[in-house]
Amino acid sequence: MQIPADSIEDYLSKIPEERHEVFKGLFNAIHDNLPEGFEQVMNYGMIGWAVPLETYPAGYHCTPGSPLPFINLASQKNFIALYHMGIYSKPDLLEWFVSEFPKYSKRKLDMGKSCVRFKKMDDIPFELIAELSKKMTVEDWISIYESNFKR
């Protein structure tokens with residue numbers, strides 16, 4: 001389920017009421033803790049944070065002319081999804097996140113390659129997401145992106 005929205009404010013206003021507080025908490029945990037240099041964007045039907053073209057003119061190889069995506073946050077049909085390209089592309093960051101998750105949540109970690117799914121709104125590890133958001137700078141992400149993806 002994609003939320004059709006023209007802006008971040010529009011997207012936030014359309015989050016289902018029963019998820020709104022939790023979604024806003026995740027949004028704030030990311031937004032308030034990301035290192036400087038990332039820009040807030042709407043991309044792929046989600047709220048995102050990306051490396052702006054002014055910083056990285058090459059942009060995203062899959063969508064030429066667009067900023068390099070880093071984190072996205074979406075309200076899906078059955079869960080809230082957090083997409084973090086750092087845990088997808090940096091094994092030691094993934095290991096850290098997987099090992100830390102049980103310290104912050106009673107629930108089993110539900111994740112794919114870059115997607116962390118939150119199905120139960122009563123046990124969201126906001127502090128862990130805040131810590132994860134601090135772990136990678138724009139420069140770190142560009143370097144990892146260029147060494148892993150841009151060929």
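1. Let's start with E39: at 27% relative accessibility, E39 counts as partly exposed, the band between buried (under 20% relative accessible area) and exposed (over 50%), using a 1.4 Å probe and protein chains only. E39 sits in strand 1 (residues 39–43); helices (H or I, at least four residues) and strands (E, at least two) are DSSP runs, numbered from the N terminus. Leaving out residues up to four places away in sequence, E39 touches G48, W49, A50, P52 and P67, where contact means heavy atoms within 4.5 Å.

2. A word on what you're looking at: this is a predicted model, in which local features need pLDDT of at least 70 and side-chain atom pairs count only at pLDDT 80 or more, while totals for chains, interfaces and linings use all residues. Residues are numbered from 1 along each chain as its sequence is written, and side-chain values use heavy atoms, with hydrogens and water left out.

3. Have a look at Y44, in the loop between strand 1 and strand 2 (46–51). Y44 has a positive phi of about 55° although it is not a glycine. Most residues other than glycine have a negative phi. With a relative accessible area of 44%, Y44 is partly exposed.

4. L73, in strand 3 (residues 68–75), is a buried one, at 0% relative accessibility. Setting aside neighbours within four places in sequence, L73 is in contact with a list of residues including Y11, F23, F27, M46, W49 and L82. L26 is also one of its contacts; L73 and L26 are 47 residues apart in sequence but 8.2 Å apart in space, C-alpha to C-alpha.

5. On to helix 5 (residues 126–134). Its buried residues are L128, I129, A130, L132 and S133. They pack against helix 2 (17–31), strand 3, strand 4 (80–84), helix 3 (85–89), helix 4 and strand 5 (115–118).

6. How do helix 2 and helix 5 cross? Their axes come within 8 Å and cross at roughly 30°; axes are lines fitted to C-alpha atoms, for helices over the stretch in contact, and angles run from 0 to 180 degrees between N-to-C directions. That makes helix 2 roughly parallel to helix 5 (under 35 degrees is roughly parallel, over 145 roughly antiparallel, 65 to 115 roughly perpendicular and the rest oblique). V22, G25, L26, A29 and I30 in helix 2 meet F126, I129, A130 and S133 in helix 5. By class, the residues of this contact divide into seven nonpolar, two polar and no charged; Ala, Val, Leu, Ile, Met, Phe, Trp, Tyr, Cys and Pro count as nonpolar, Asp, Glu, Lys and Arg as charged, and the others, Gly among them, as polar.

7. Now compare helix 4 (residues 91–104), whose axis comes within 10 Å of that of helix 5 and crosses at roughly 160°. Helix 4 and helix 5 are therefore roughly antiparallel to each other. L93, W96, F97, E100, F101 and Y104 in helix 4 meet E127, L128, I129, E131 and L132 in helix 5. This contact has eight nonpolar, no polar and three charged residues.
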